[in-house]
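Here is a walk through one structure. Keep the sequence and the model open side by side as you read.

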Amino acid sequence: MTMGGEEVWSRVAEEEDSRKVVGWQMGGNNSTRGLGVFGFANSSSLPATVASVIDAGARRVVEKVIGLNMAKPSAITADLPLVRSPVPVVVAAVSYLAIVWVWSSHIKRSGLKPRVQDPKWLQCLIIAHNMFLCCLSFYLGLGILTEARRHRYSIWGNPSNDEHVKMGFYIYIFYVSKLYEFMDTVVMLLKRNLRQITYLHLYHHASICCVWWIIAHLCPTGDAYFSAAFNSWVHVAMYLYYLLAATIAKDENCRRKYLFWGKYLTIIQMIQFVAFIAQAVYGLLQPASYVKHLPRMLFCYSISLLAFFSNFFITKYGRSSHGRQPKRLKAD
Ligand SMILES: CC(C)(COP(=O)(O)OP(=O)(O)OC[C@H]1O[C@@H](n2cnc3c(N)ncnc32)[C@H](O)[C@@H]1OP(=O)(O)O)[C@@H](O)C(=O)NCCC(=O)NCCSC(=O)CC(=O)O
């Protein structure tokens, strides 16, 4: 590879110029902006080349497949870490899938069974993780609704507005929390609970951070408030459930007594996706209300999650299932 990092950036920038895309110029000193997060910008030409290919590819997908205009990033989040470029989030999602695949294959190959009793350090880690996410979700749910009220948002149909800085900040934290939620899978792997690592789980975790990168990058205010607030409140309940599950005894009686409401939690999660679908339909019928073409993506994405969750619900709680778990990775 003979081409230097800066030349590659310049070439991508020229390509972008030719397409009249000026949102993120990668030439000269700006090349460190997206990659500085990893600390390898300008250090070698290969990572820079790979990163430029990922950057250009991800932007092209967002523009051509979803139809969004990447030339207009939000001024609120433009300079915040992990937002300027899609490279960090794409690398994080792909690395996440690769690590989970290698780790779960190792568990399977070694014949390791789920832990009967978690060691103290793991119990503490799980409790701290769930308490942190429960509190963070509460903070975000409350903060987002307070901001929505302050700016007199309607339920749907609020255009993105770069003057709503605090709302943009909350949505940014919400996006970063989606990357932190990879820890859920780490918990499952440490517990060797391969039954929990389903296609639903992997699809959800690897994709949701990319979806929220798009929103944090382009339009972290306006209608984004609705799904962020709804999901935050659902996550308050979900991490309370997991916190309880991690602290009570493992026997069936105890589970039936304290975790019976897991079924209703899954129903609330499905209602959440139905609400997102309804919001997307509203956005499609009122194209000027939020960001053009974004409702189309939200519609397809929410349908896919609703389908996964319906399958999860039927498999786990269906009459004849007797507590069966949804389909897992082949590795286990
Ligand atoms: C009831 C649910 C919330 C959870 O379903 P599960 O099948 O995972 O529930 P379960 O009863 O087996 O969970 C109990 C086990 O989880 C362990 N556990 C504790 N904390 C955890 C954590 N943070 N992440 C993962 N597992 C955890 C407990 O120690 C216990 O282990 P042990 O059994 O060994 O004692 C469900 O509605 C759901 O979300 N199902 C999808 C599964 C999933 O991947 N969810 C998270 C991402 S989806 C999402 O987040 C959607 C959304 O945005 O709304």
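Phenylalanine 276 is buried, with 10% relative accessibility. Buried means under 20% relative accessible area, exposed means over 50%, and partly exposed lies in between, using a 1.4 Å probe and protein chains only. This is a predicted model, in which local features need pLDDT of at least 70, side-chain atom pairs count only at pLDDT 80 or more, and totals for chains, interfaces and linings use all residues. Residues are numbered from 1 along each chain as its sequence is written, and side-chain values use heavy atoms, with hydrogens and water left out.

Now take the rings. Rings of Phe, Tyr and Trp (its six-membered ring) pair if their centres lie within 6.5 Å; planes under 30 degrees apart are stacked, over 60 edge-to-face, and the rest tilted. That rule gives 23 aromatic pairs. One of them joins phenylalanine 226 and phenylalanine 230, edge-to-face, at 5.9 Å centre to centre and 85 degrees between the planes. Both sit in helix H9 (residues 224–247), 4 residues apart, so about one helical turn separates them. An α-helix has 3.6 residues a turn, so residues three or four places apart point the same way. Phenylalanine 226 is buried at 14% relative accessibility. Phenylalanine 230 is partly exposed, at 24%.

Phenylalanine 230 also pairs with phenylalanine 276: the centres are 5.9 Å apart and the planes at 85 degrees, so this pair is edge-to-face. Phenylalanine 230 belongs to helix H9 and phenylalanine 276 to helix H11, so the pair ties together parts 46 residues apart in sequence. Ring pairs build a cluster that includes Phe226, Phe230, Phe276, Phe309, Phe312 and Phe313.

Which residues of H12 are buried? Among them are Tyr301, Phe309, Phe312 and Phe313. The buried residues of H12 pack against helix H3 (45–66), helix H8 (199–218) and helix H11 (262–285), where contact means heavy atoms within 4.5 Å. Helices (H or I, at least four residues) and strands (E, at least two) are DSSP runs, numbered from the N terminus.

The unreviewed UniProt entry lists "transmembrane region" for several spans, including residues 124–145, 202–218 and 294–314. Such annotations may be inferred rather than shown by experiment. Residues 124–145 are 100% helix and 0% strand, with end C-alpha atoms 32 Å apart. Residues 202–218 are also 100% helix and 0% strand, with 25 Å between the end C-alpha atoms.

Two loops deserve a look at the backbone. Most residues other than glycine have a negative phi. Leucine 82 has a positive phi of about 70 degrees. Leucine 82 lies in the loop between H3 and helix H4 (87–109), and is partly exposed at 22% relative accessibility. Arginine 192 has a positive phi near 60 degrees. Arginine 192 sits in the loop between helix H7 (182–190) and H8, partly exposed with a relative accessible area of 22%.

How confident is the predictor? pLDDT gives its confidence in each residue, from 0 to 100. The chain averages 87, and 83% of the residues score at least 70. Over residues 1–41 the pLDDT is below 50; this stretch has 73 contacts in the model beyond near neighbours in sequence. For the complex, the predictor gives an ipTM of 0.98 and a pTM of 0.87.

Notes: pLDDT = per-residue confidence, 0-100.
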